[in-house]
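I opened the notebook to go through one model. The entries below follow the order in which I looked things up.

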Amino acid sequence: MTNFSMDSFSLKGKVALVTGASYGIGFAIASALAEAGATIVFNDINQTLVDQGLEGYKAANIEAHGYVADVTKEDEINEFISKVEKDVGPIDILVNNAGIIKRIPMIEMTAEEWRQVIDIDLTGPFIMAKAVIPSMIERGHGKIINIASMMSELGRETVSAYAAAKGGLKMLTKNIAAEYGEHNIQTNAIGPGYIETPQTGPLRVAGHPFNEFIISKTPAARWGTTDDLKGPAVFLASDASNFVNGHTLYVDGGILASIGKQPASDD
Ligand code: NAP
Ligand code: GCO
């Protein structure tokens, strides 16, 4: 007798909170979770962004609940979570998507710039997870999905703080899985490769060396789109992944699997 059916991928009756989801990857993941049946809650850093997000969700026929909340401010987040639980209901699925990057050569980066990236990209997910886990324990289930990066595995010039934060986020994912898995809480990460969003806009200028570099390094021979992340997010948010815990699922077109193709020979 199997418990599995395609309904295992359904999120009907679930409340999903996606951080920083006014646009970009967060908006796409929230849209996919909504399509799978979840009620969407999202936050962003200011009302302008939240309003932009609400317009976007409305245009996509998604009823979303938007709040201004900074993932780095613990008291603000605790108030935010209490308000969501009163307005919408307890959170079944948390997607820690909010994040920033600063592309600065390490020896030119100030400690304050370093701390800002670590605070948003690593401490923020810690604060958010800490805020939702007690209620998940009480209700006997929960899903946490951290949005890591291929920089959880590899470094490159100018992204020291970001890579350190995303490497730490991979390990935080494993630690939450280890510590709270017994409460039927599954904690995993998605590691996107190079995805077309505003964050990578400066790198995708046609003819930009980095643009050509990424296309040549990626076996799929293209930049990813936010659509490429939707299926993996629904899978990790659903009952179909109830025995997947502490895993980082790389959605990167194969870039981490390859040392890159040799340059075409002249002969
Ligand atoms: P994005 O376009 O910059 O969106 C990030 C969102 O998070 C923005 O709305 C941003 O607001 C918000 N945010 C920033 N700081 C916040 C805070 N303290 N509290 C709440 N919200 C905050 O980024 P993206 O490309 O969609 O990436 C989303 C996530 O995927 C990030 O964690 C990123 O590191 C990760 N990722 C991206 C790629 C890629 O290729 N794009 C690849 C791998 C991983 P603002 O507009 O004010 O910044
Ligand atoms: C960069 C890019 C990357 C992507 C992503 C790759 O400057 O190298 O912004 O860091 O955002 O994290 O997975």
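Conventions. I am working on a predicted model, where local features need pLDDT of at least 70, side-chain atom pairs count only at pLDDT 80 or more, and totals for chains, interfaces and linings use all residues. Residues are numbered from 1 along each chain as its sequence is written, chains are lettered from A and ligands numbered from 1 in the order in which they are written, and side-chain values use heavy atoms, with hydrogens and water left out.

Entry on H2. I took helices (H or I, at least four residues) and strands (E, at least two) as DSSP runs, numbered from the N terminus. H2 covers residues 47-59, 13 residues in all, and I found 18 Å from its first C-alpha to its last. That is close to the 18 Å expected at 1.5 Å a residue, where the expected span is 1.5 Å times one less than the number of residues.

I then sorted its residues by accessibility: buried is under 20% relative accessible area, exposed over 50%, partly exposed in between (1.4 Å probe, protein chains only). Leu49, Val50, Gly53 and Tyr57 of H2 are buried. Seen down the axis of H2, these buried residues fall within an arc of 100 degrees, so they line one face of the helix; the arc is that of the directions from the helix axis to the C-beta atoms. On the face turned away from the buried side of H2 I noted the exposed residues Thr48, Glu55, Lys58 and Ala59.

I looked up what covers the buried residues of H2, and the cover includes helix H1 (24-35), strand S2 (39-44) and strand S3 (64-68). Contact here means heavy atoms within 4.5 Å.

At the N-terminal end of H2, Asn46 is the cap, with a side-chain oxygen 3.2 Å from the backbone nitrogen of Thr48. A polar contact is a pair of N or O atoms within 3.5 Å; within protein, one must be able to donate a hydrogen and the other to accept it, and residues adjacent in sequence count only if both atoms are side-chain atoms.

Entry on positive phi. Thr158, not a glycine, has phi near 80 degrees. I placed Thr158 in the loop between strand S5 (142-147) and helix H5 (160-180). Its relative accessibility is 21%, so Thr158 counts as partly exposed.

Entry on ligand 1. I listed 29 residues around ligand 1, the closest being Tyr23, Ile25, Asn97, Tyr162 and Thr197; a residue is near if one of its heavy atoms lies within 4 Å. An oxygen atom of ligand 1 is 2.5 Å from an N or O atom in the side chain of Tyr23. For Asp70, a side-chain N or O atom is 2.9 Å from a nitrogen atom of ligand 1. The protein covers 90% of the 880 Å² of accessible area that ligand 1 has on its own, by the Shrake-Rupley method with a 1.4 Å probe.

Entry on ligand 2. Of 14 residues around ligand 2, I found Arg103, Ser149, Arg156, Tyr162 and Tyr194 nearest. A polar side-chain atom of Ser149 is 2.7 Å from an oxygen atom of ligand 2. From Gln199, a side-chain N or O atom lies 2.8 Å from an oxygen atom of ligand 2.
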